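Q: I have this model open and have not looked at it before. Can we go through it piece by piece?

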Amino acid sequence: MCGIYITNIPFEKNEIVEKLKSIEFRGPDNLGYEKVGDVSFGHLRLAILDLDVRSNQPYDFGHLKIVFNGEIYNFEDIKKELAALGYTFETTSDTEVLIKGFSEWGKEMLPKLNGMFAFAIHDAKNNTVFCARDRMGVKPFFYYWKDGNFEICSQLRPLINPESKIAQGAVSIYLDCGYIPSPYSIIEDVYKLPPGNFMEIDLVKKTKTISEFWNLKPAEIRDISYEDAKKELHELLIDAVKIRLQSDVPLGSFLSGGIDSALVSAIASKISNTPVNTFTIGFEDPKFDESKVAEQFAAIIGSNHTETICGPDDALQMMPNFVKVYDEPFADSSALPSLLLNSVTKQHVTVALSGDGGDESFIGYWHLLLVEKFKKVSFIPYPIRKVLSGFSWHKILNTRPETIKGIFGSKDENELIARIFTSFDSLQKIPNQSWLEHYEIFKNSAKEPLQRAADLNIKLWLENDSNVKVDRASMASSVEVRSPFLDYRIIEFARTLPLEYRYKNGVTKRIIRDILSEYIPEKVFNQPKKGFAIPLGNWIRNELKKEITESLNDEFLISVPNLNIQKFKKQMNLHMENKYDYSFSIWKLFVLSKWCKEFNLKLS
């Protein structure tokens with residue numbers, strides 16, 4: 001894991017070095033800088049494979065020069081293929097394999113790669129730059145582009161300058177999602193390269209083209225028995241964990257009370273010759289605490305377990321670091337305990353496995369099941385449902401009115417799915433969701449609505465929320481996180497399985513549970529899941545109340561473009577009176593205010 005930088009803008013060396021130092025946590029082991037003609041390169045290295053300086057970047061091979069962030073898990077296989085073609089190697093790193101693979105195959109190398117990556121390769125002979133980002137968007141890729149001038153970096157902060165302006169359309173998206181999805185960013189003329197895409201820059205013509213090398217294909221269900229599916233998936237998971245255990249630095253595994261991290265940790269423990277180090281965060285509030293379950297898991301798999309209990313003060317102390325490393329407005333409050341977990345983990349290891357991605361592929365999130373609830377009312381004609389949505393069903397069902405309105409008021413399944421991942425009750429004054437066109441693949445990705453919901457979960461939320469949270473939280477402590485469930489082979493395989501193999505009779509992640517039962521007794525892992533969340537609603541009413549009410553004053557709210565101030569104030573009052581939980585709305589605006597102060601930028 002590292003930080004990459006490349007530009008054709010004529011910055012001085014000291015300017016680029018300062019830019020890189022602002023995100024030095026991404027790679028504290030080496031800061032590299034080189035210039036070839038009009039192109040400058042920068043790199044921050046977190047050494048994981050081949051710790052020798054020979055693998056520092058920028059890395060050269062003939063007329064090619066690379067800056068690379070990530071890990072190619074199958075690089076040894078590609079190395080053998082290249083060796084058979086006559087290539088020799090001077091390092092034991094995946095960086096050398098990557099650049100020589102590109103020399104041999106060009107863009108056709110991309111489908112061969114199994115890993116998380118964002119890289120840029122400069123070709124001095126043809127005066128071009130080739131860039132690519134991994135299939136799932138695990139590694140970030142920001143770029144500035146205007147009139148042929150470009151600047152590429154792993155984070156947004158180095159691309160922000162005194163002339164930068166806020167993209168007001170991106171603020172509207174943030175009001176709905178709590179993050180800003182690719183290809184957009186909060187700054188005008190700065191974009192994110194979408195996952196599974198590559199970009200080619202012609203430095204002579206001053207043009208760029210963006211193309212796709214991977215995406216979700218229309219789901220085709222295989223004719224496979226449940227037992228055969230379970231066996232094949234188990235083998236895939238074992239291999240996905242195994243190739244992620246390659247490291248020249250200490251390695252461990254995150255272990256929550258959930259079944260995904262339990263399975264990853266259990267498999268790693270079985271493969272490893274020595275006990276695996278596992279790490280968990282618990283909470284003082286028992287309603288959110290899973291540490292006791294994680295402790296049971298650790299005892300069964302025989303790991304060296306480290307538990308950290310998090311109170312309000314511990315999490316809130318992460319706020320300065322949160323604003324520092326999440327350099328774009330980002331409202332997932334679980335980033336706070338994630339920052340704390342990684343800071344503890346770094347004291348013991350540099351690489352950690354995680355269970356991220358299991359819920360998306362194997363129908364683990366309960367919000368996906370709103371699609372199932374919609375089936376029960378979809379037979380009612382839409383005009384009648386729209387009228388029914390105004391009734392006070394939420395009082396009977398003990399939920400927020402927006403959820404019921406969303407289910408009753410959606411025209412069809414696809415509209416409901418989009419609302420699940422954007423908003424049932426937008427804070428935008430003038431609703432605009434035209435940006436969703438970049439994610440419309442979900443509408444035709446599968447026959448089953450539940451699979452379509454899972455697909456949008458993968459394409460929209462996983463990339464832009466979950467992966468961002470994990471990347472920034474881990475990089476803040478210079479920790480590399482590897483997620484076996486994000487192996488593209490597992491994601492593709494899961495989508496070929498009948499839904500009842502993954503969700504049946506109210507049981508989520510059925511096939512994962514059955515595999516886990518081979519390592520941990522079902523009575524131990526089949527306990528209520530509490531999620532990796534903090535008691536944010538209570539904190540807003542108590543510990544954070546003063547700071548939030550001061551930050552979200554009229555002057556700030558008026559400055560937020562397209563914000564329905566009246567609606568937000570109503571939600572905030574209802575929350576403070578403990579009538580409903582509107583913590584997400586409040587947290588979104590609070591984070592936005594903190595971000596504006598950090599970067600000294602005005603919203604309007």
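Q: How do the axes of helix 16 and helix 17 cross?
A: The axes of helix 16 (residues 413-421) and helix 17 (residues 449-475) come within 10 Å and cross at roughly 35°. Axes are lines fitted to C-alpha atoms, for helices over the stretch in contact, and angles run from 0 to 180 degrees between N-to-C directions. Helices here are DSSP runs of H or I with at least four residues, strands are runs of E with at least two, and both are numbered from the N terminus.

Q: Is that crossing left-handed or right-handed?
A: The crossing of helix 16 and helix 17 is right-handed. That term applies if the near helix is turned clockwise from the far one by less than a right angle, and left-handed applies if it is turned anticlockwise.

Q: Which residues in helix 16 and helix 17 meet?
A: From helix 16 they are E413, N414, I417, A418 and F421, and from helix 17 they are P449, R452, A453, L456, N457, L460 and W461. Contact means heavy atoms within 4.5 Å. By class, this contact has eight nonpolar, two polar and two charged residues. Ala, Val, Leu, Ile, Met, Phe, Trp, Tyr, Cys and Pro count as nonpolar, Asp, Glu, Lys and Arg as charged, and the others, Gly among them, as polar.

Q: Before we go on, what kind of model is this?
A: This is a predicted model, where local features need pLDDT of at least 70 and side-chain atom pairs count only at pLDDT 80 or more, while totals for chains, interfaces and linings use all residues. Residues are numbered from 1 along each chain as its sequence is written, and side-chain values use heavy atoms, with hydrogens and water left out.

Q: Is R452 buried or exposed?
A: R452 is buried, at 7% relative accessibility, and E413 is partly exposed at 26%. Buried means under 20% relative accessible area, exposed over 50%, and partly exposed in between (1.4 Å probe, protein chains only).

Q: How many salt bridges does the count come to?
A: The count comes to 33. One of them joins D487 and R244, with the closest N and O atoms 3.2 Å apart. D487 is in the loop between strand 17 (480-482) and helix 18 (488-494), and R244 is in the loop between helix 5 (226-243) and strand 13 (251-254), so this pair ties together parts 243 residues apart in sequence. D487 is buried at 0%, and R244 is buried at 2%.

Q: Which residue forms a salt bridge with E480?
A: R482 does, with the closest N and O atoms 2.6 Å apart. E480 is buried at 0% relative accessibility, and R482 is buried at 1%.

Q: Which residues are linked in a network of salt bridges?
A: R26, K139, D471 and R472 are linked in one.

Q: New topic. What is the strand order in the open sheet of six strands?
A: The order is 4-5-6-7-11-12, with antiparallel pairing. Strand 4 (59-61) and strand 12 (207-212) are the edge strands, and each pairs on one side only. Two strands pair if DSSP finds at least two bridges between them.

Q: How many bridges are there between strand 4 and strand 5?
A: Strand 4 and strand 5 (residues 64-72) pair over three bridges. D60 has K65 in strand 5 as its bridge partner.

Q: Which strands does helix 3 lie across?
A: Helix 3 (residues 94-105) lies across strand 4, strand 5, strand 6 (115-123) and strand 7 (128-133), and runs at about 125° to strand 5.

Q: And the backbone, where are the cis peptide bonds?
A: One joins Q57 and P58, with omega about 5°, and P58 is in the loop between strand 3 (39-45) and strand 4. Another runs from S182 to P183, with omega near 10°. Most peptide bonds are trans.

Q: What is phi of K206?
A: Phi of K206 is positive, about 60°, although K206 is not a glycine. K206 sits in the loop between strand 11 (197-202) and strand 12, and is partly exposed at 46%.

Definitions and conventions
A salt bridge is a side-chain nitrogen of Lys or Arg within 4 Å of a carboxyl oxygen of Asp or Glu.
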